[in-house]
Amino acid sequence: MASSEPVREQANCLSYTIDAADTIVAVSGLWDDFARDNDGESIVAEKIMGQKLDQFIHGDETLMFVRTMIMSARVLQRPVYRPYRCDSPKLKRFMEMTVQPRSEGSVEVMHRELRCEPIACKIPMAAESSGAHVPFVKRCSLCNRIRAEGVWSEIDEAAEAKRLPAEVAPLKVIYGVCPDCLASRGVVL
Ligand SMILES: [Zn+2]
């Protein structure tokens, strides 16, 4: 966090606020730009207002982490933090999520980009819901590493080691949480 760059810091931050019943009641920041950049047209601000948060979080394990953070912030009545990755097809994006308790059980969830760097090999990926009929890799929602042939690694490393399924484009991914992130319990207090 560079205090000499307040404008940039703000530009890379987006947030939403949920009420005590986990309904999204406010969004701010460059949410719409972010959603479009990340192939998330369906989650632009106007469509998520008034909706339940759970609908927009994919994967049971990911949902568990977000819920744990929200519950921690509510119970502790202080902000909780967690670094995570939110890669775009071309960039490794190092992010931080902050859950800030507000009044009457509401919380504000802020996502801030800390830094980014290019991904060496650009492999198109698509979320797969079932995985029943196609080769797929599991991807950690928190650190964005993938599991291919039983090994958790960065996507570039997996490609270099030729662990990715051949002849599948885009690469099918199922989101979950890797053992390392699971062990960390997700919350930095
Ligand atoms: Zn992970």
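Trainee: What makes the largest nonpolar core a core, and which residues touch the most other members?

Mentor: A nonpolar core is a set of buried Ala, Val, Leu, Ile, Met, Phe, Trp, Tyr and Cys residues joined through C-beta atoms within 7 Å. Buried means 20 or more other C-beta atoms within 10 Å of a residue's own; exposed means 12 or fewer; partly exposed is in between; C-beta atoms are placed from the backbone. The largest such core has 18 residues, and M69, V99 and V177 touch the most other members. Two or more residues come from each of β1, α4 (60-76), β4 and β5. Helix α4 gives the most, with 4 residues. This is a predicted model: local features need pLDDT of at least 70, side-chain atom pairs count only at pLDDT 80 or more, and totals for chains, interfaces and linings use all residues. Residues are numbered from 1 along each chain as its sequence is written.

Trainee: Why is I24 called partly exposed?

Mentor: I24 has 19 C-beta neighbours inside 10 Å, so I24 counts as partly exposed.

Trainee: Where is I24 found?

Mentor: I24 is in strand β2, residues 24-29. Helices (H or I, at least four residues) and strands (E, at least two) are DSSP runs, numbered from the N terminus.

Trainee: How do you know that β4 and β5 pair, and in which sense do they run?

Mentor: Strands pair if DSSP finds at least two bridges between them. Here 11 bridges join β4 (residues 91-101) to β5, and the strands run antiparallel. L91 stands opposite P118 in β5.

Trainee: How many bridges link β1 and β5?

Mentor: Strands β1 (residues 13-18) and β5 (residues 107-118) pair over 6 bridges, in the antiparallel sense. Y16 faces V109 in β5.
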